[in-house]
Amino acid sequence: MAGPVMVALAAFGTYGWLGKPLTADVAFPALALFNLLRFPIIMLPNQITNLINAHVALGRLRDFLAQPERDDGGGDKDAAPPLSPPGPAPGAAAAKAFAIGGGDDFGEPVISIQNGNFCWEAGKPPTLRGVNLDVARGQLIMVVGDVGSGKSSLLHALLGEMDVRSGLRFVRGTAAYTAQDPWIQNASLRANILMGALYDEDAYAETIAACALVTDLEALPAGDATEIGEKGVNLSGGQKHRVALARAVYSAADVYLLDDPLSAVDAHVGATLFDRCICGLLAGTTRVLVTHQLQYLAAADTVVVMRDGRVAEVGPYDALLAKGVDLHGVVKAGGVDEDGGASQRGSANAPRARASGEADSAASPSSPLNFANGNGHANGH
Ligand SMILES: Nc1ncnc2c1ncn2[C@@H]1O[C@H](COP(=O)(O)OP(=O)(O)OP(=O)(O)O)[C@@H](O)[C@H]1O
Ligand SMILES: [Mg+2]
């Protein structure tokens with residue numbers, strides 16, 4: 001508001017300093033002019049900020065558009081045959097039908113990588129080498145491995161974000177992904193979960209509960225209308241993971257690629273996420289879960305052990321144990337809980353019960369999320 005006054009003072013001051021007499025026939029028209037310019041003068045600082053933001057955004061767009069074309073190896077999910085019939089809706093009934101087994105109704109894998117060699121940058125040695133992986137519909141796959149062994153890269157390869165040096169990969173149907181370092185938009189918490197999808201009260205409430213966000217919402221000043229992100233309330237690492245998970249869940253995709261969502265939460269919340277969300281609401285969908293939490297491995301249909309960019313071991317948990325695979329040894333790194341809870345890592349000796357059976361109490365067979373199916377995002381980033 002002080003802008004126009006300052007401009008008038010500066011103009012008249014300069015005028016006087018130049019030795020010109022400030023008479024009424026100069027001062028009053030000048031004041032009228034400054035009054036006319038009041039709005040543009042007030043807006044000037046905002047426009048300067050907007051111009052700077054536009055310049056930065058243009059730079060980013062230029063960098064993005066200048067990226068070299070990625071060779072997808074013809075394995076894009078759009079190129080893959082569609083799911084037929086449509087994928088099962090999340091819910092316990094679907095879990096019973098599809099959770100365990102080596103193939104879907106037609107024996108076709110939903111996710112497949114054949115002799116895949118993937119690299120992050122064209123011309124660089126491949127990060128993932130000789131990967132073979134078939135995942136049937138409705139399976140829960142858990143990917144474990146040492147730090148830097150290629151677990152996140154495997155998910156990126158499935159998403160088509162890595163160069164396919166050779167081999168084939170495809171993901172049938174829509175995929176939702178939660179990143180190891182979750183991304184939060186500057187918007188309300190609800191907008192961060194919906195990401196433009198239609199609001200369905202029941203589906204939303206179910207998602208919030210399954211992602212253990214109820215208590216967090218109660219603690220926020222304006223509930224789920226609270227602005228989060230850089231300009232709003234800062235969320236903890238664990239909260240960000242849960243918001244990202246909720247976003248993926250609400251998108252009601254066919255395939256979920258989850259990068260270590262249990263890493264930054266305490267034991268209790270981790271168990272809730274696993275039971276009510278991953279094995280509850282998402283039961284019946286195809287899930288690839290990267291995790292360091294060995295106590296959940298017994299609930300997996302297939303455990304994939306990554307080592308130095310290769311699939312070192314793959315098979316059911318019991319089969320790997322019987323084979324003498326040292327699952328403790330593959331996850332050497334400890335974890336730090338950003339929520340302040342104790343890490344649960346590394347307890348393969350006390351595996352949890354098969355969680356697919358627990359899903360009955362966590363998700364109703366007629367999950368309202370069925371309605372969200374048509375509104376889901378193709379990608380739950
Ligand atoms: N976005 C990226 N761009 C280039 N290289 C990457 C990228 N992400 C990972 N890498 C490289 O790929 C290799 C495997 O890393 P990746 O993140 O897949 O391991 P990880 O098993 O997920 O490890 P962690 O347990 O720490 O999450 C590493 O050498 C890493 O430097
Ligand atoms: Mg990773």
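The model is predicted: local features need pLDDT of at least 70 and side-chain atom pairs count only at pLDDT 80 or more, whereas totals for chains, interfaces and linings use all residues. Residues are numbered from 1 along each chain as its sequence is written, chains are lettered from A and ligands numbered from 1 in the order in which they are written, and side-chain values use heavy atoms, with hydrogens and water left out.

Select residues 111–119, which form strand β1. Helices (H or I, at least four residues) and strands (E, at least two) are DSSP runs, numbered from the N terminus. Of the 9 residues in β1, 7 are buried, where buried means under 20% relative accessible area, exposed over 50%, and partly exposed in between (1.4 Å probe, protein chains only).

Two strands count as paired if DSSP finds at least two bridges between them. Here Ile113 has Leu133 of β2 as its bridge partner. Next select residues 163–171, strand β4, whose antiparallel pairing with β1 extends over 7 bridges; in this strand, Val164 stands opposite Phe118.

**The open sheet**

Display the 6 strands ordered β5-β8-β9-β3-β10-β11, an open sheet with mixed pairing. Its edge strands, β5 and β11 (310–315), each pair on one side only. Within the sheet, select β3 (residues 140–145) and β9 (residues 286–290), a parallel pair with 4 bridges. Ile141 is found opposite Val288 of β9.

**The magnesium ion**

Select ligand 2, a magnesium ion coordinated by Ser152 (OG) and Gln180 (OE1) at 2.0 to 2.2 Å. Donors are N, O and S atoms within 2.8 Å of the metal (3.2 Å for Na, K and Ca); water is not among the atoms, so sites may look incomplete. Ser152 belongs to helix α5 (residues 151–159), while Gln180 lies 28 residues away in the loop between β5 (175–178) and β6 (187–188). Is Gln180 buried, partly exposed or exposed? Its relative accessibility is 41%, so Gln180 counts as partly exposed.

**A last stop in helix α11**

Finally, select Ala319 in helix α11 (residues 317–322). Ala319 has a relative accessible area of 39% and is therefore partly exposed. Val303 is 16 residues from Ala319 in sequence, and their C-alpha atoms are 9.6 Å apart in space.
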